[in-house]
Amino acid sequence: MSRGLCVQSCRWNRRQGTYLSTSPRAVVSRVAMSAKAISEQTGKEFLYKYICTSAAVQNRFKYASVTGDTEWGRLTQEHPWLLTERLVVKPDQLIKRRGKLGLVGVNLDLRGVQEWLKSRLMKEATVGKAKGVLKNFLIEPFVAHKQEEEFYVCIYAAREGDYVLFYHEGGVDVGDVDAKAQKLLVGVDEKLSEEAVKRQLLTHVPMDRKEVLASFVVGLFNLYEDLFFTYLEINPLVVTKDGVFVLDMAAKIDATADFICKAKWGDVEFPPPFGREAYPEEAYIADLDAKSGASLKLTLLNPRGRIWTMVAGGGASVVYSDTICDLGGVNELANYGEYSGAPSEQQTYDYAKTILSLMTREKHPDGKVLIIGGSIANFTNVAATFKGIVRAIRDYQEPLKEHEVSIFVRRGGPNYQEGLRVMGEVGKTTGIPIHVFGTETHMTAIVGMALGHRPIPNQPPMASHTANFLLNSSGSSSTPGTSRTASFSEPRVANGGIPAKKARPGVPPGNTVTTASTVKATTLFTKHTKSIVWGMQTRAVQGMLDFDYVCSREEPSVAAMVYPFTGDHKQKFYWGHKEILLPVYKNMGDAMKKHPEVDVLISFASLRSAFDSTMETMQYPQIHTIAIIAEGIPEAQTRRLIKRADEKGVTIIGPATVGGIKPGCFKIGNTGGMLDNILASKLYRPGSVAYVSRSGGMSNELNNIVSRTTDGVFEGVAIGGDRYPGSTFMDHVLRYQDTPEVKMIVVLGEIGGTEEYKICDGIRTGRITKPMVCWCIGTCATLFSSEVQFGHAGACANQASETAVAKNQALMEAGAFVPRSFDELGDIIKKVYDDLVATGTIVPAKEVPPPTVPMDYSWARELGLIRKPASFMTSICDERGQELLYAGMPITEVFKEEMGLGGVLGLLWFQRRLPRYACQFIEMCLMVTADHGPAVSGAHNTIICARAGKDLISSLTSGLLTIGDRFGGALDAAAKQFSKAFDSGLLPMEFVNKMKKEGRLIMGIGHRVKSINNPDMRVQILKDYVKQHFPATQLLDYALDVEKITTSKKPNLILNVDGFIGVAFVDLLRTCGGFTRDEADEFVEIGALNGIFVLGRSMGFIGHYLDQKRLKQGLYRHPWDDISYVLPEHMSM
């Protein structure tokens, strides 16, 4: 019986990021950091290493990898079984239907394998619409077996748990396993037993194989859980009398669990999808992303294309790709990518220059366009990121003009006006056509302009400057009262148009929504909601307090903060004009106990600690809402959080979210952006429209769209971009349905999943009666020929019904208002709103100006509104950028040039790149001054302190304080004395006589031990080096002449090491060519040379400290017999 072939031949419709065999096109998944496909070899390695089962798993670790560089002789030495067994060979590059494509060689010997590979290895192949090079193959032993010995098993993750599928037939013709296979759901936190497997999965399996298969399936499931697989499929799984054979395997693991599984995973390589090469620029951006707290993504689709994008935000990046494809640009779309999460100016520069480098390599007959777009940022400083892009544009201005590149910019968010200004300026100065637009322009309007589908405005209207929103427009210094008590709209009975239909019996309107486990609150936030913020996020907390103040709340919405890494203390914030203190607790329990009024937790915990801190929070019944901001929490942990939240009646917003906002009441963290956007989007008072989206950036864009087309937002929630958000679209839609103040609902869905179909059912059954405006992003997905990694982790089209196009169609048929594209979303929202106003359902209220909030000093300075002299100035080091700079030289260059310690000292002390001989001389000085035994005063003091139990810093300081003219500090004095004498023209004898006459010591002359007959070898070593390498040694020669005179009087009056270094350094500064005479004299005058002794001798003092500690020396007490007691005689009165 021939061997069953590849697993990919079946309907592989659960793997996130794959497409169906029934579809000719690839479906794009948004897999930022979540489930990622691994090679078959990696999957089998994990299985063979870690599976625990009584079943006899055969052929463990019997596989060999072949590439274009493989040496067959070496391969057979490493795998001798290749010479003796029949073999199977197949590509291991995430290719589906390998058997039907003729890409599996079966029952061959080694020579047959080599012959088979000749026509395939490193050759181009076509799979569907994707073309790629076959470059990696897997060789395994051929397993002879019967058809009835083949089985199919698959485990995949879902929100409610993990499904195990089993079918008693396997192989290439297994067919539709969804319809055929037995299915068993293992709920979250539940265990799979062999009895359950036998009872529910193995009903059609012969009795003699049930025990083996049950044990293997349970072991496989445990492996799946322990190693954080999200998908694991074996087809066929062969069971013979000899044991179990895993023939073909496909798998995905949750890449976010790396911090948990690193020890078992090792360094996992995630292969690119077949048909798309792994470009070095993609690897470069991936490396930047890994080193950054921000998100940086790049996928090259068509490097020869004319349409390039540089989009901020995961959701926005998909919207722009959708719009480009909608307008016919799919074949010219060159790349997909996004930058978000507040990247620095340097990071944005590195990202932008990579894009510009790629797009200026090949000319296009029609020129090229670069779309720099984005939604309205919540917390990213737009000016800082744009300055990085502007730097890159300046660097590439000539290639950009040569390739006829036009740039279209649209952005909003903190300091966006300054960002747009600098972007417009660079267009004027470089001559590159750059068209700049702000929040007054619809987000994707620039795509139509770039592709010639709509005119480019000559002078687009610009929104007011950030600062203008913060000025009291009423002219009054008083704070206005509360602008609204409930909704911005007055409830009226509908008379026609688009009435709110009477809801059918279901969940009655009220304060709660019933879930499968318990009851959750319908109203999450009110004007009196109090929260605890987990994490030292002072900027986010201040933003919440400013929002509270502008909403005329009576008290701040933040009651306390929890930060486990410090002790309990108070943190200062502003409440309007005055300063207030908020308590910060180390322990969650203390915070909950002292603030029983708190019912919301906002967690800024990292992806590593978010799970534990959230589980701890749910122990306290007072908490009914938790917002989890962190992105990249392993999906298995998220599902456990969801289960616990359902049991406790807690609503979770997130993970991977910016949060949510209820105008006039409460906002989560950075939601809604800074105060200028809060005011511009009228989020300080409630409107009539409620929305729910996945993307945080797109939620802020919805704030803008809704505020421009309606009376404003009543509530908005971004449920998060992860695969399993803590709460779903439907959870919030039902809350809005049961909230009388909400008159219409907006949902921004996306490709993947079936949640939007629940909305369709709700509309059809009458559970949802309020007007629904819906749009699912990701309509471009079916137009790409290979898998593209989009910005979120949470969406993938596993089948045709999960595509954005299908869901938009279903929503329209169910009765929702669906635009033709995102471009028209605002128009549809306005039409529905206007109809509600016309029927009297919504009665817009009169605007009331909000209270003024003073601008923070730091932000006013950022906007250029004020200036203040800096408290400090520095010219030697800058740590603010991407890379540390020493006197302007990047630290990587310091090491690349092998400058050594002497070179670093030259940069930091003298702001010069000194010659190689000068750097070497400095290092020699540090070496010879490092120590001079324990008897000298500095070492003595260090030893005394060390033996007194003092710490390293105290002991070192004690020794350093002895340095002066009498000990070690003679370098500067010697340099000054000898230089002055030499420069004034005194002969050496005249200098000696003058010092004697004045009764002054010649600094740098004399030694307690060494003499002309017992020379100091340190001085001799330095002298030999200086004479050999220095261009001139005038001052040293002068000092040596002085030494001849002084040693003739007394042999120990030699030029000592301090004096030698002092005069030699003066020669170095004056003759190396890097300093003027005045600069050289200034360095001597300000004490630079004594620094050499201090730096060098510190090494010795530290050595003495460590030596005393290592020897465990006790407290030192000086012996009496070494003290001469000289007391005055007793005097009687």
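How many bridges join strand S4 to strand S8, and in which direction do the two strands run?

Modeller: This is a predicted model, in which local features need pLDDT of at least 70, side-chain atom pairs count only at pLDDT 80 or more, and totals for chains, interfaces and linings use all residues. Residues are numbered from 1 along each chain as its sequence is written, and side-chain values use heavy atoms, with hydrogens and water left out.

Strand S4 (residues 87-91) and strand S8 (residues 136-141) run antiparallel and are joined by five bridges. Strands are DSSP runs of E with at least two residues, and helices are runs of H or I with at least four, numbered from the N terminus. Two strands pair if DSSP finds at least two bridges between them. Within this pair, Leu87 has Pro141 of S8 as its bridge partner.

Both strands belong to an open sheet of four strands, ordered S3-S8-S4-S5, with antiparallel pairing. Strand S3 (64-67) and strand S5 (105-108) each have a single partner strand, so one side of each edge strand is left without a neighbour in the sheet. From one strand to the next, the twist averages 25°. Helix H1 (residues 40-50) packs on the sheet and touches S3, S4 and S8, its direction making about 40° with that of S8. Contact here means heavy atoms within 4.5 Å; angles run from 0 to 180 degrees between N-to-C directions, and axes are lines fitted to C-alpha atoms, for helices over the stretch in contact.

Helix H21 (residues 729-737) and helix H22 (residues 755-765) pack at about 30°, with their axes 9 Å apart. H21 and H22 are therefore roughly parallel to each other; angles under 35 degrees count as roughly parallel, over 145 as roughly antiparallel, 65 to 115 as roughly perpendicular and the rest as oblique. From H21, Phe729, Met730 and Val733 meet Glu755, Glu756, Lys758, Ile759 and Gly762 of H22.

Helix H31 (residues 970-983) and helix H37 (residues 1088-1110) pack at about 150°, and their axes are 7 Å apart. H31 and H37 are therefore roughly antiparallel to each other. Their contact is made by Ala970, Leu971, Asp972 and Ala975 of H31 with Ala1088, Leu1089, Asn1090, Ile1092 and Phe1093 of H37.
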